[in-house]
Amino acid sequence: MASEGAGTAQGLVLLFESLASVFSTEIATLQTEPEIRLAQARYLGKKGKATELMKQLGRIPPGDRPAVGAAANRARESIEKLVEERLAGLAEASLAGELARSVDVTLPGRGRRAGTIHPLSRVRMEIEQIFLGMGYEVRTGPLIETEWNNFDALNTPADHPARDMQDTFFVEGGLILRSHTSPVQIRTMLAGPPPVKIIAPGNVFRRDDDATHTPMFPQCEGLHVDKNVSFEDLKATLITFVQRFFGPQTDIRLRPSFFPFTEPSAEVDASCFLCQGKPPARATCRLCKGTGWLEIGGSGMVHPNVLAAVGYDKYDVTGFAFGMGLSRMAMLKYGVTDLRLFYENDLRFLQQFPAG
Ligand code: DAH
């Protein structure tokens, strides 16, 4: 008993030993960390049982004190060890409990919904890859343009009837929303000497809105200027492009046309990749409507006035240019019949274009 043992060294040693064993029984009944910490304080804290016992050390002969001190240390150590072990056990149990609660491996997985690339972006990226493979650089320009870059420098002066072909949006300060990507030709040539070999994808704006026209739409311009660039080079470039874009059996047809910035100019048709332009499939082909050909854009040899406008020597270099509508390319490639679908962002439409 504590009262009997108190006062003698042996009694104190016994009391310290029983302290640890009583603590071990007590801690076994506790379930939470705060409870355990409180119990620890009741034994080892400032006013704890072990501290109280130590106060009796003064009453025993000095020669016996080391033995009592050693017993006190053993008691403290074993109490601390018990506390540590118990807390570690609790932490492990709570983790296991959490895992058992939150992971039900029989539940169906939560699927990730991957986004897809918009068909217009896919077409743009595909065209970029094809032309990068032919040594072209990709250039872009601002959507708000000067009239000079958009028209004048492209051989389309203010009174030129061709300005009516592109019903233009005017913004403040004498600027316009670019009506085509051709001004990027001008910007590129102004920025440096020939040779120039670029494509310029980007959005353009016109006052148009129906099933086949939207007020904003994406185009892609192409420009190659160097010594001895010929119409033959233009044709070879266009054939390579359509074969990579629509398939290896695709052919092109160039029809005489007019653009102020090219001379001569040609409308570019690609042979219909659906019916191959061959009867009898051609007669009922919904894509080319029986013609065997798909209009894809305009092209021509860069007009000498354009080369002169940017300070190039029109006697030294020649060039070809072309332009196409990306939505038209996407409509043809994916068989989409209403242009507006590209801009409504209806998921039922967009999900039909797989990711990747
Ligand atoms: N800029 C023309 C348009 O938007 C398309 C075009 C035609 C661009 C012929 C060209 C070209 O570079 O040579 O209608």
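Start by selecting Ser182, in the loop between strand 4 (175-177) and helix 8 (183-191). Helices (H or I, at least four residues) and strands (E, at least two) are DSSP runs, numbered from the N terminus. This is a predicted model, where local features need pLDDT of at least 70 and side-chain atom pairs count only at pLDDT 80 or more, while totals for chains, interfaces and linings use all residues. Residues are numbered from 1 along each chain as its sequence is written, and side-chain values use heavy atoms, leaving out hydrogens and water.

**Stop 1: around Ser182**

Is Ser182 buried or exposed? Ser182 counts as buried, at 3% relative accessibility. Buried means under 20% relative accessible area, exposed means over 50%, and partly exposed lies in between (1.4 Å probe, protein chains only). Now show Leu154, Glu221 and Phe261. Ser182 touches these three, not counting residues up to four places away in sequence. Contact means heavy atoms within 4.5 Å. Zoom in on Glu221. Its side chain makes a polar contact with the side chain of Ser182, at 2.9 Å. A polar contact is a pair of N or O atoms within 3.5 Å; within protein, one must be able to donate a hydrogen and the other to accept it, and residues adjacent in sequence count only if both atoms are side-chain atoms.

**Stop 2: the cores**

Next, select Ile127, Phe131, Phe241, Phe246, Phe322 and Met329. They have the most contacts inside the largest nonpolar core, which has 42 residues. Such a core is a set of buried Ala, Val, Leu, Ile, Met, Phe, Trp, Tyr and Cys residues joined through side-chain atoms within 4.5 Å. Elements giving two or more residues to this core include helix 6 (119-132), helix 9 (231-246), strand 9 (293-302) and helix 11 (326-334). Which helix gives the most? Helix 9 does, with six residues.

Stay with Met329. Leaving aside neighbours within four places in sequence, Met329 is in contact with Val123, Ile127, Phe241, Phe245, Phe246, Ile296 and Met324. Then move to Leu15, Leu44, Ala50 and Ala72. They are among the 24 residues of a second, separate core.

**Stop 3: salt bridges**

The whole structure holds 16 salt bridges. Each is a side-chain nitrogen of Lys or Arg within 4 Å of a carboxyl oxygen of Asp or Glu.

Select Glu126 and Lys333. Their closest N and O atoms are 2.4 Å apart in a salt bridge. Glu126 lies in helix 6 and Lys333 in helix 11, so this pair ties together parts 207 residues apart in sequence. Glu126 is partly exposed at 26%, and Lys333 is partly exposed at 24%.

Now pick Arg255 and Glu295. Here the closest N and O atoms are 3.8 Å apart. Arg255 is in strand 7 (residues 252-259) and Glu295 is in strand 9, 40 residues apart.

One more pair: Arg348 and Asp346 meet in a salt bridge, 2.6 Å from N to O. Arg348 counts as exposed at 64%, whereas Asp346 is partly exposed at 26%.

**Stop 4: a surface patch**

Finish at Val105, in the loop between helix 5 (65-102) and helix 6. Val105 is exposed, at 73% relative accessible area. With Val105, they form a nonpolar patch on the surface, with about 410 Å² of accessible area together. Areas come from the Shrake-Rupley method with a 1.4 Å probe; for residues, only the protein chains shown count as cover. Patches are made of residues with over 30% relative accessible area and no salt bridge: like charges are joined within 9 Å, nonpolar side chains (Val, Leu, Ile, Met, Phe, Trp, Tyr) within 5 Å.
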